[in-house]
Amino acid sequence: MRPRVLIVDDEAPARERLRSLLTELDQVDVIGEAVTGEEAVMRAAELAPDVVLLDVRMPGIDGIEAAKHLNALEQPPAVIFTTAFDEYAMKAFDAQAVGYLLKPIRKEKLAAALTHASRLTRPLLQKIAETRSHIAVRYREGLRLIPLEEVQFFFAEQKYTTVKHLKGEDLIEDSLRSLEDEFGSAFVRVHRNALVSVRYLEGIERNSDGQYFVRLRGCEAPLQVSRRMASELRERFRI
Amino acid sequence: MSEGTDESLYLPDFCTSRAALANVLIVELTALILTLAHENVGVGFWTDLSRTSLFLLWIGLAGAGLLCWMRVPLSRLQVAKGSAAVLLLIALLIAAISAAAYYLGRSSLVQDAGAGILFPPDLHGFLIRNVAIGLVVTSLALRYFYVTHEWRRNIEMQATARVHALQARIRPHFLFNSMNTIASLTRSNPALAEEAVQDLADLFRANLSDKRDTITFEQEYEVARTYQRIEELRLGSRLRVDWKIDSLPRKALVPGLMLQPLLENAIYHGIEPQPGGGTVTVTGEISGNLITIVVRNPVGNYENEREGNRLALANIRERLGLLYGERGLVKSGRFDNEFIVTLRFPHVEKLNAT
């Protein structure tokens, strides 16, 4: 079976050109197009392409973050980045030896990239860019992206991590530890099992048993805080 | 001055007439100071000045000759080592010439002419004093040469930086994306591709043109529109530009190449990061003798933290300042969900180039 390809670029002429180049090459099947990073992740979850041609600079979720989310899919596609000029990304790719295609893309180079397309490993991707701006939640029917600024807290229970956000809560696979490493500046660990968004911090309470709880904006249930963290939080955020 | 030696050697080329003149000047001033400080033992002021000048000129000219001759080997040394070498050379030279003067004074030629009084009576003191004075004066001169050299280099660097800033006006990002668009259109719509190539050529011609300080607003508007057409091909319906410039006289003189970079900034920072695109609004008004041009673009939630390009704004600010002095004004800032740049400058029919 021929590889199935998803084209992702926010600019119509760029998508058009890729499509016509791929048609000429006649070694893959183009199964769809997406115009934003979000759409790319949705479409990929839905269509399960073998290869995603992914523009780096896109509005909203950029190509690098989209690649990270693609990597979290059940069957992660191989990703080939495309870019016209993005010094920052190009430096990062070069540093990690991740291949990319420069626009305007040459047919031969595209053919070679398709032949050698392979999956990017998660650790490799993690090295490339700064933090994600969204959290990916997997469903049976696909994948959803939750903007980080809507996340109130992460909560760890045994194997899973729950993400509580403005529109509800979901289970994710990231460990609290890795989330803390990635979003350490915007989130604070209040307890062994809870990572809380600084943005939603409202206050700290103490119940009659002498236990501390943190109150979050828009959250009913208070979260337990370790004694040590309680005073640190008070000092750091003046709550 | 050859390149490469710049770094280490800050000395002027003493073989040139300019440096020779400076050299003579330094020598004469030193002679004057020494004579004024002297008590004129045995001879009058003018005689004293003349013999001191004569003696110092020998040293000065010989020193210049020596440094001119040693220029190449000296230039290979670092600043500190080079300076030490120069001081050493000068000290040796002064010692040699002093000794020569002393022995000349002892010679029968001078003694017979009865001019012995003009010459130093003892060698040791004469030698040591001369070398010490020479070292002090040479150090001062070296310091002076070093400071002027650094100052000149600084100015050169600033000029180079400015040229680079000017050359960076069109973003590579825009260039390569446009190339990509054209590559695509070549297949799907050759006529449009042709137009895009022409537009791109016009735009680059305008950007590369000599610094014509002011052009008519009509020309300026045309450049910005050309740029807009190219971006529209790429961004499609995501880009909307609302021109509200009817009240601006088409023949008004405006600083060249300011609308296009402002529009580019607005699109790069304000439109491209928005999935749904947005509208850039350009208003141009004239009230009294003042032209006001305002460019505004939306600022969305998607602050992808693009590397801010303040170059364009700084450049425009500088050019307005050069052209209109205090009467030119550039303001920029974020207000609510908009980024607004305001330019204000006098409406002048004919400007004297500054």
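Biologist: Which residues does A:Leu54 touch, not counting residues up to four places away in sequence?

Modeller: This is a predicted model, where local features need pLDDT of at least 70, side-chain atom pairs count only at pLDDT 80 or more, and totals for chains, interfaces and linings use all residues. Residues are numbered from 1 along each chain as its sequence is written, while chains are lettered from A and ligands numbered from 1 in the order in which they are written. Contact means C-beta atoms, placed from the backbone, within 7 Å. By that test A:Leu54 touches A:Val8, A:Ala40, A:Gly63, A:Ala66, A:Ala67, A:Val79, A:Ile80, A:Phe81 and A:Thr82.

Biologist: How many residues are in the largest nonpolar core?

Modeller: A nonpolar core joins buried Ala, Val, Leu, Ile, Met, Phe, Trp, Tyr and Cys residues through C-beta atoms within 7 Å. Buried means 20 or more other C-beta atoms within 10 Å of a residue's own; exposed means 12 or fewer, and partly exposed lies in between. A:Leu54 is among the members that touch the most others, and the core's total is 56 residues.

Biologist: What share of chain A is buried?

Modeller: Chain A has 239 residues.

Biologist: Which helix of chain B gives the most to the side that touches chain A?

Modeller: The contact takes 22 residues from chain B and 15 residues from chain A. Helices are DSSP runs of H or I, at least four residues, numbered from the N terminus. Helix 7 (172–188) and helix 9 (217–235) each supply at least two residues of chain B's side. The top contributor, with 12 residues, is helix 7 of chain B.

Note on methods. Two residues are in contact if their C-beta atoms, placed from the backbone, lie within 7 Å.
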